[in-house]
Amino acid sequence: MSRAAHGGRGPAIRLAGLRKVYTTRGRPPVVAVDGLDLTVERGEIFGLLGPNGAGKTTTVEICEGLLDATEGVVEVLGMDWGGDAEQIRARIGVSLQDTRLFEKQTVAELCALFAGLYEPSRSVEELIALVQLEEKADTRYAHLSGGQRQRLAVATALAGRPELLFLDEPTTGLDPQSRRSLWDVIRAYRDEDGGTVVLTTHYMEEAAQLCDRVMVVDHGRSIALGSPAELIAGLGAAHVVEARAPGLAARVDGGVLEGIEGILERHANGDRLHLSVTAPHVVLPGILRAFERAGVELEALTTRHTSLEDVFVHLTGRQLRDGGES
Amino acid sequence: MRPRVLRAVTRTVLLEHLRTPEAVFWTYGFPLVMALVLGFAFGEGKAEPSRVAVVDDAPAALIAAIDEHSEDRVTAQTMTAMEARRALTLGLVDLVVSGEPARPVFDLDPMRTGSELARLQVERALLRAGGAVDPGAGSLIRPVDEPGDRYIDFLIAGLIGMNLLGAGMYGIGYNVVMMRSNKLLRRLAVTPMRRGEFLAAFLMSRTLLALPPPLAILAFGIFAFGVPVHGSWLALLGLILLGTLTFAGLGLLVASRARTSESVSGWINLVTMPMWLLGGIFFSNERFPDLVQPLVRAMPMTQFTDGMRGIMLGSFDPGQIATSAVGLAVVGLLSFAAALRLFRWN
C-alpha cells in the first residue's frame, strides 16, 4: 500500500516571498530568485517553465533542502527544512540535473543502493519495472544511453515511495521517444500512487503535454501561473501567423499592416514576423494583399495554434530558447 | 547509524573498487614489484670492487702496485688525464690516481663514500707494495648480510607506509572528489541517508580495502627475503590499522572542499611529496638537516615508519613506539575533525 495514497492535508509545497541571492566576494550579488510565491497542491503535476538561468533549478533545490533560502517561507509537505529535514527527505524523491551515479554498478545494483537508503522502500524488481529497464537490469551505468540513465534516475527517485517527486529537467537532451516514455512514467506515478510532481523544463511542449499547471519564470520572478490551456487562452488569440521575408521587420514597422482587422499582437525581428490572431482565415487575405501591395517577397508563411512558447514571447518579448542568461 | 543504510553504501563502494582492475594492480602489484626490484638491487650479491682510473702518464710501478696488492678490491684502468676526469664526473670510476707510488695524487669527490673507500683501498695497496707492515693486519672484517640489517628490512616498512598514504589520498580523497564533481554526493544528500552514515560506511569500506595490501607486502618481505619481525605482531597489526585510519583521515581532509579532480590532485601532491621525500620511506630521515627536522618529526609518515621499524627490527623500546602511535593518532583525529567541519556536499 502506497504511503503517497493516504497523503496528508494541506498543499505539497508552499513558498512565500522566496528570495535567493548569491554573493561572491568581489562581484555584485546575483539575485537568482526574486520574491516567488507558489502553492503546489497534492496530486498535481506542476511545471516550472523558463529559459536557462531563470531561477527554476535554484527554486527546486531550495525545496529539496540542498540550498538555503535568503528570505521567505518554504514549506514542504507541511514541514520546515529547519526542523524536519530528515522527515522531509524520507518522503520526497529527487532527480537532479546532470548527476552521474556509480559508473560500475548495474541498474539493479543502483536500484538496490537507493532502496537501501529508504525504509520502507520499493523492491528492486518493482523499480526496474516502473521505468521499463528490465532488459538493462544487469548493465552497468557506464554503458547506459542518456534516456536509460534518465529513466534510472527517476527510478532511484521513486525508491522510497515518495509523496512528492522533484524532477529537474528530466528530459533534456532526450530523443522524442525517450521523452514520451518518461512522461508515461511520471503520469503513472501521479495516477496510480497519487503522488505530486514538481518538474522544471524549458520545453514548452513538455509543459503543455504533461503539466496540470505551470508557472512561467523569468529572471527569478513568476510571470504567469495557470494551466497550459488557461495561459494560452489568456492571450486571447487561438492562432499564430509567422512570416519570413528579407527586412520584414523594418517594412512592418513602416506601416505595411496598418488597418488590418483581427491582428491582436505583433512581434517583428529582422526577417521574421510573429502575429497573434483570432482567426487566420479572416486575417490572412488582408495580410497577403498588404504584402503584395508593398512588394514584400515572402520566403515562408505558416499558421499554427497558439502554444506556451507564444505565451513566453508575449510576456517577455523574447524567444524562450535565446532567453538564457549570460 | 542504521545497518541497512551502512550495508547498502559499503557494498556499493567495495564493488566499485573491485571492478576497477587497474586500481587493484596499483595497490597490490606495484609495491610488490618495488620490493622485489629494490630488495635485489640493494640486497644480495658480493661487494663490487672499487673502480679506479690511473692516469696513463703515471709510472708502470703505480699500476702494478695497485693491481698486485689490492686483493681484488680495486679494478684499475688506465686512461688519459682528461678521460679520467670525465669518468669521475660521470661516476664511471670512484677515484683518479696519478703521481708516484710513494707520493700518489688522488682526485676524488669528497661527497661520495665510494671515493673515500677507493682512496683507502689504493693507499693500502701502495703501502703494502712499498713493503710497509700491513696496516690492517690485526683487524678482522665481518661483512653484514644478516636479516634485520639489510636495505630490504628497512624498506618494507616504508613501502607499507607509502601504500597506506596512497590508499588515503587516492582511495578516499580522489574518489570523494569524483563523487562530488559527478554530483553524486548531492544526489545522496537528498536521501534520508544521514551524512555520518555515509562517511562511516565509506571509510569502513575503504579501510577494508586498504588493509590487505600492507599485509601482502609484509608477507612478501617475510617469505621472499626473510624480513624479520622481532617485536609484537599484535602491535604491528595495530599500528598498520592506526596508520590506515590516519591516512584515511588525511585523505578525507584533502577531499573536504575540492570540487574538481585537478584541484584535489594539487592537494594530494602537497601532502604526498614531502612525505615521500622526508617521511623515511626509502631512506632514513634521521640525518636530514636540523632545519627540516621539526617538519620531519611532525609528519605522520615519519611516525608510522619509525614505529613500524621499531617493532619489526626491534630498534626502539616500547615507549618510543607508543609515542609514534600517539603522534599518528593525534594527526588522524585532527584530520577527521577538520574534514567533518569542512566537508562540502554540494
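Helices (H or I, at least four residues) and strands (E, at least two) are taken here as DSSP runs, numbered from the N terminus. The structure is a predicted model, in which local features need pLDDT of at least 70 and side-chain atom pairs count only at pLDDT 80 or more, while totals for chains, interfaces and linings use all residues. Residues are numbered from 1 along each chain as its sequence is written, chains are lettered from A and ligands numbered from 1 in the order in which they are written, and side-chain values use heavy atoms, with hydrogens and water left out.

With a relative accessible area of 55%, A:Asp98 is exposed, where exposed means over 50% relative accessible area, buried under 20%, and partly exposed in between (1.4 Å probe, protein chains only). A positive phi, near 50 degrees, is also found at A:Leu77, again a residue other than glycine, and this residue is placed in the loop between strand 4 (71-76) and helix 3 of chain A. A:Leu77 has 5% relative accessibility and therefore counts as buried. In the loop between helix 4 and helix 5 of chain A stands A:Pro120, and the peptide bond that leads from A:Glu119 to A:Pro120 is cis, with omega near 0 degrees.

The two chains meet in an interface where 31 residues of chain A are in contact with 26 residues of chain B, contact meaning heavy atoms within 4.5 Å. The size of an interface is often given as the accessible area lost when the parts come together. The area buried between chain A and chain B is about 2800 Å², and carbon and sulfur atoms give 53% of it; buried area is the accessible area (1.4 Å probe) that two parts lose on being put together, summed over both. Across this interface the rule finds 6 salt bridges, a salt bridge being a side-chain nitrogen of Lys or Arg within 4 Å of a carboxyl oxygen of Asp or Glu. A:Glu109 forms a salt bridge with B:Arg11, and the closest N and O atoms of this pair are 4.0 Å apart. On the side of chain A that touches chain B, the elements that give two or more residues are helix 3 (81-91), helix 4 (107-117) and helix 6 (146-157) of chain A. The largest share, 6 residues, comes from helix 4 of chain A.

Helix 4 of chain A has 10 of its 11 residues buried, so it is largely enclosed by the rest of the structure. Among these buried residues are A:Glu109, A:Leu110, A:Leu113 and A:Phe114. The elements that cover them include helix 5 (124-130) and helix 6 of chain A, together with helix 1 (3-18) and helix 7 (184-189) of chain B.

Over all chains the structure holds 31 salt bridges. In chain B, B:Arg2 forms a salt bridge with B:Glu197, the closest N and O atoms being 2.9 Å apart. B:Arg2 lies in the segment before helix 1 of chain B and B:Glu197 in helix 8 of chain B, so the pair ties together parts that are 195 residues apart in sequence. B:Glu197 is buried at 1% relative accessibility, whereas B:Arg2, at 25%, counts as partly exposed. B:Glu197 also forms a salt bridge with B:Arg194, in which the closest N and O atoms are 3.6 Å apart, and B:Arg194 is partly exposed, with a relative accessible area of 33%. In chain A, salt bridges that share partners join A:Arg19, A:Asp34, A:Glu71 and A:Arg221 into one network.

A search of the whole structure finds 9 aromatic pairs over all chains. Rings of Phe, Tyr and Trp (its six-membered ring) pair if their centres lie within 6.5 Å, and planes under 30 degrees apart count as stacked, over 60 as edge-to-face and the rest as tilted. The rings of B:Phe198 and B:Trp345 have centres 5.6 Å apart and planes at 65 degrees, so this pair is edge-to-face. B:Phe198 is buried at 0% relative accessibility, and B:Trp345 is buried with a relative accessible area of 11%. Together with B:Phe202 and B:Phe343, B:Phe198 and B:Trp345 form one aromatic cluster.
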